[in-house]
Amino acid sequence: MLPQRKVPANQVHDCKQDQPCEDNRWKSMEENVKHMIEDPQSVETTLELIDDIQRLGLGHRLETNITRVLERTMKKLEQKTDEDTPSLHLTALSFRLLRQHGFQLFQDVFKIFTDCDGSFNDRLCKDVKGMLSLYEASFLGFEGETLLDEALAFTSMHLKNLSCSLLDTHGRNVLEQVSHALEMPLHHRMHRLEARWYIEAYSKRADANQVLLEFAKIDYNTVQQTYQRDLKDLSRWWKDMGLAKKLPFAKDRLMECFFWSVGIVFEPQLISNLRKGITKVSDLISTVDDVYDVYGTYDELEQFTSLVERWDVNAAQGVDVLPYLRKVWADLCKAFLREAEWSNKYTPTFEEYLANAWISVSAVVILVHAYFLLNQNISDEALGCLENPHDLLRWPSLIFRLTNDLATSKAELERGETANSISCLIRGSSSEVCDEESARKYISNLIENSWKKMNKDGQHFGASSASSPFTKEFVAAGTNLSRIAQCIYQHGDGIGAPDKIVKNRILAVIMQPV
């Protein structure tokens, strides 16, 4: 059973006494891995090493080295002649890693693997390694990149229908990787949970680099200890707040909210106050949501919403952030109030629902707080993008909302609640959506399209763009919010009614060392 109010002291390892020894061992391994990255070797070998490093959860430790090598790789690709014929695996791997790091590549690099009619050559289906790499690369696509859409359809079909003979040739580990990728692509996965899985998968490989593996294990456990200290402080805060006693109707989900914050900002070098701040905001959002859902009368909720709109305290020194925080909280409460107005009385159109729901899901509130908690230089342009939410806040909000709806709609319908995306679509009675199955397919396509738009905006306004009002850390936080939403709602309502899968994931990331 997961601890929800307080983490017992004996469950939180105090690493202060053994920290100097661990630090020396860590630094030695880190230097070894840096040399591995920088050593001259084939492009494919280097990129596979970088991919392993990132999937093992070590990318945040070696970001400068990785970026430097990828810059050299990009130059080599730009100098490539038509006579060069790279493998499907190398082409797809380089495309994914370079796009992930903000480099501009075009989908046309995959045209050499298509026939004259533009479809992918069927001979490729025997190249399982290349097919898997192409499948993962396709999720870095932008809206309108039809060749990558075709790549996803082509690889999904063939990977799902791998013959037994091919599996015997490539081994059980390849089968596990394919199954893992088809369940959810790498680009959509929560970083620390993926690191946990990949450490185990990598350890089974005959060619595993033992220094790299040991470094990954030390890093995972050390970062986990940081999380445990954060959680210990948050447990004390939650107890001192006393909301669980004062508002017994509200869900007490401190652990789930902390897991959520780890999904958004997992790096230990990003100050713990950022993670703790996001956890506090998420927990308060959950409590306010319960006030609107199950406690207040409509008149009381109107008064509470008005109070939030008039929220006023003495402005802090420097930039006065209060107006921006007040606005996002007021917008959230007004969205909650609209849902209370609809409750069991009115089923909005899908357009009406979505216009309100991407706000009521609370991602904008979380990200605006995250922006100010990052302690970055605050620009007028960025403040404008927060006040009238930029698309980099909108797309994570839509993904959050729609994944939530896919997971919770059945329980909501059983309770008689009709204002969710699936019921609104079905009641719209369009020819495209006539039942729950077609509604779910429609919603899933909207989620994928939101990812494509976020991919494009993330590159256009990311760290490589001089015109971006945001830092790369904030852009990453928005993308990571989408990832943790996919993780939390993959098998059901991981916040409102966490099942064994969610609880085990939380324990694996926060409590149980590798």
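1. M190 is buried, with a relative accessible area of 4%; buried here means under 20% relative accessible area, exposed over 50% and partly exposed in between, with a 1.4 Å probe and protein chains only. The residue sits in the loop between α8 (172-183) and α9 (191-203). Neighbours within four places in sequence aside, M190 is in contact with F259, V262, G263, R483, I484, C487 and V509, where contact means heavy atoms within 4.5 Å. M190 and I488 lie 298 residues apart in sequence, yet their C-alpha atoms are 9.5 Å apart in space.

2. On provenance, this is a predicted model, in which local features need pLDDT of at least 70 and side-chain atom pairs count only at pLDDT 80 or more, while totals for chains, interfaces and linings use all residues. Residues are numbered from 1 along each chain as its sequence is written, and side-chain values use heavy atoms, with hydrogens and water left out.

3. The protein chain has 23 helices and zero strands; helices (H or I, at least four residues) and strands (E, at least two) are DSSP runs, numbered from the N terminus. Of its 514 residues, 52% count as buried. Among contacts in the protein chain with a separation of 6 or more, 75% are between residues 24 or more positions apart.

4. The largest nonpolar core has 148 residues, and F110, W260 and F470 have the most contacts inside it. Such a core is a set of buried Ala, Val, Leu, Ile, Met, Phe, Trp, Tyr and Cys residues joined through side-chain atoms within 4.5 Å. Helix α10 (residues 210-241) supplies the largest share of this core, twelve residues. With neighbours within four places in sequence left aside, F110 is in contact with T91, A92, F95, F120, L134, A137, L147 and L148.

5. Helix α5 (residues 128-138) is mostly covered, ten of its eleven residues being buried. Among the buried residues of α5 are L134, E136 and A137; L134 and A137 are also contacts of F110.

6. The axes of helix α12 (residues 254-264) and helix α23 (residues 500-511) come within 10 Å and cross at roughly 65 degrees. Axes are lines fitted to C-alpha atoms, for helices over the stretch in contact, and angles run from 0 to 180 degrees between N-to-C directions. The crossing of α12 and α23 is left-handed, a term for a near helix turned anticlockwise from the far one by less than a right angle, with right-handed used if clockwise. M255, E256, F258, F259 and V262 of α12 meet R505, I506, V509, I510 and M511 of α23. These residues divide into eight nonpolar, no polar and two charged; Ala, Val, Leu, Ile, Met, Phe, Trp, Tyr, Cys and Pro count as nonpolar, Asp, Glu, Lys and Arg as charged, and the others, Gly among them, as polar.

7. The axes of α12 and helix α13 (residues 272-295) come within 8 Å and cross at roughly 130 degrees, which makes α12 oblique to α13. Angles under 35 degrees count as roughly parallel, over 145 as roughly antiparallel, 65 to 115 as roughly perpendicular and the rest as oblique. This crossing of α12 and α13 is right-handed. The contact residues of α12 include W260, and the whole set divides into seven nonpolar, three polar and two charged.

8. R401 lies in helix α19 (residues 391-414) and counts as buried at 9% relative accessibility. Beyond neighbours within four places in sequence, R401 is in contact with E339, Y353, A357, S360 and V361.
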